[in-house]
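Here is a short briefing for a first look at this protein. Please keep the sequence and the 3D view at hand while reading.

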Amino acid sequence: MVQYRRNLIPGGTFFFTVTLADRRSTLLIDHIAGLRSAFQRARRDKPFRVDAMVVLPDHLHIIMTLPQADADFPGRWKAIKAAFSRSVAAALPTLRPNRRGGYRIWQSRYWEHTVQDDADFERCANYIHFNPVKHGLVSVPRAWPYSSIHRYMREGILPTDWGGDGGRDCIGFGEPRE
């Protein structure tokens, strides 16, 4: 089996992309309360700060900062994925466990990037907040309900018209659509 090298930095700030096994699924937004609960439980057991986040139907992006003496983001993801999977399984009685007793809801891996500096953080946060537009879910970032952009706007970090007004001026912002 391939050994993945993770940049385990105590107190580090990381950008993650975590994806469902079925990319056509909408489980994350259909069961948003279960996802919130999974994050709350994981944060209670092993604290971390959510700096920016967006939840899309089949994947999520997050910037997470760990406590100073802690580098265990793999343990946090294991806890979040397991709690969400149990929540979905309880809500969907037709969902059957695999031969190992788990549920094939998530892709087994996730993508991780160590945030290097303030400019890198801003680039990652902008990517997160513009992602629902990139995927054609909304025409402006503020229209997506499952995003930390609302906190950023409330706190004055971003203006309320960040990412355009849905017109031609937002074309080319962020990244190309798929």
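Across which strands does helix 2 lie? Helix 2 lies across strand 2 and strand 3, and runs at about 165° to strand 2. The model is predicted. The protein has five helices and four strands. Their order along the sequence is β-α-α-β-β-α-β-α-α.

**Overall make-up**

- The protein has 178 residues, and 45% of them count as buried.
- Its accessible surface is about 10200 Å². Carbon and sulfur atoms hold 51% of that surface.
- Take the contacts in the protein with a separation of 6 or more: 69% of them join residues 24 or more positions apart.

- Four strands form an open sheet in the order 2-3-1-4, with antiparallel pairing.
- Strand 2 and strand 4 stand at the edges. Each has a single partner strand, so one side of each has no neighbour in the sheet.
- From one strand to the next, the twist averages 15°.
- Strands of a sheet pair through backbone hydrogen bonds, either parallel or antiparallel.
- Strand 1 and strand 3 run antiparallel and are joined by seven bridges. Here F15 stands opposite I63, and T13 stands opposite T65.
- Strand 1 also pairs with strand 4 (residues 111-114), in the antiparallel sense, over four bridges. F16 stands opposite E112 in strand 4.
- Strand 2 and strand 3 pair in the antiparallel sense over six bridges. They form a hairpin, with three residues between them.
- Across this pairing, V54 stands opposite H61, and M53 stands opposite I62.

- Seven of the seven residues of strand 1 are buried, so the strand is largely enclosed by the rest of the structure.
- On one side of strand 1, T13, F15, T17 and T19 are buried.

**The nonpolar cores**

- The largest nonpolar core has 28 residues. L60 and W77 have the most contacts inside it.
- Six elements each supply at least two residues of this core: strand 1 (13-19), helix 1 (27-30), helix 2 (32-45), strand 2 (49-55), strand 3 (59-65) and helix 3 (73-91).
- Which helix gives the most to this core? Helix 3 does, with six residues.
- Leaving out residues up to four places away in sequence, L60 touches F16, T17, V18, L28, L35, F39, M53, V54, V55, W77 and W106.
- A second, separate core has 18 residues. Among them are L56, I63, V115 and V138.

**Aromatic residues**

- The whole structure holds 14 aromatic pairs.
- In one of these, the ring centres of F39 and W77 are 5.9 Å apart. Their planes are at 90°, so the pair is edge-to-face.
- This pair links distant parts of the chain. F39 is in helix 2 and W77 is in helix 3, 38 residues apart.
- F39 and W77 are both buried.
- One aromatic cluster is formed by F14, F16, F39, F48, F73, W77 and Y110.

**A closer look at T65**

- T65 is found in strand 3.
- Is T65 buried or exposed? Its relative accessibility is 9%, so T65 counts as buried; the cut-off for buried is under 20%.
- T65 and F14 are 51 residues apart along the chain, yet their C-alpha atoms are separated by 6.3 Å.
- Neighbours within four places in sequence aside, T65 is in contact with G11, G12, T13, F48, R49 and D51.

Note on methods
Residues are numbered from 1 along each chain as its sequence is written. This is a predicted model: local features need pLDDT of at least 70, side-chain atom pairs count only at pLDDT 80 or more; totals for chains, interfaces and linings use all residues. Side-chain values use heavy atoms; hydrogens and water are left out. Buried means under 20% relative accessible area, exposed over 50%, partly exposed in between (1.4 Å probe, protein chains only). Contact means heavy atoms within 4.5 Å. Accessible areas come from the Shrake-Rupley method with a 1.4 Å probe; for residues, only the protein chains shown count as cover. A nonpolar core is a set of buried Ala, Val, Leu, Ile, Met, Phe, Trp, Tyr and Cys residues joined through side-chain atoms within 4.5 Å. Two strands pair if DSSP finds at least two bridges between them. Axes are lines fitted to C-alpha atoms, for helices over the stretch in contact, and angles run from 0 to 180 degrees between N-to-C directions. Rings of Phe, Tyr and Trp (its six-membered ring) pair if their centres lie within 6.5 Å; planes under 30 degrees apart count as stacked, over 60 as edge-to-face and the rest as tilted.
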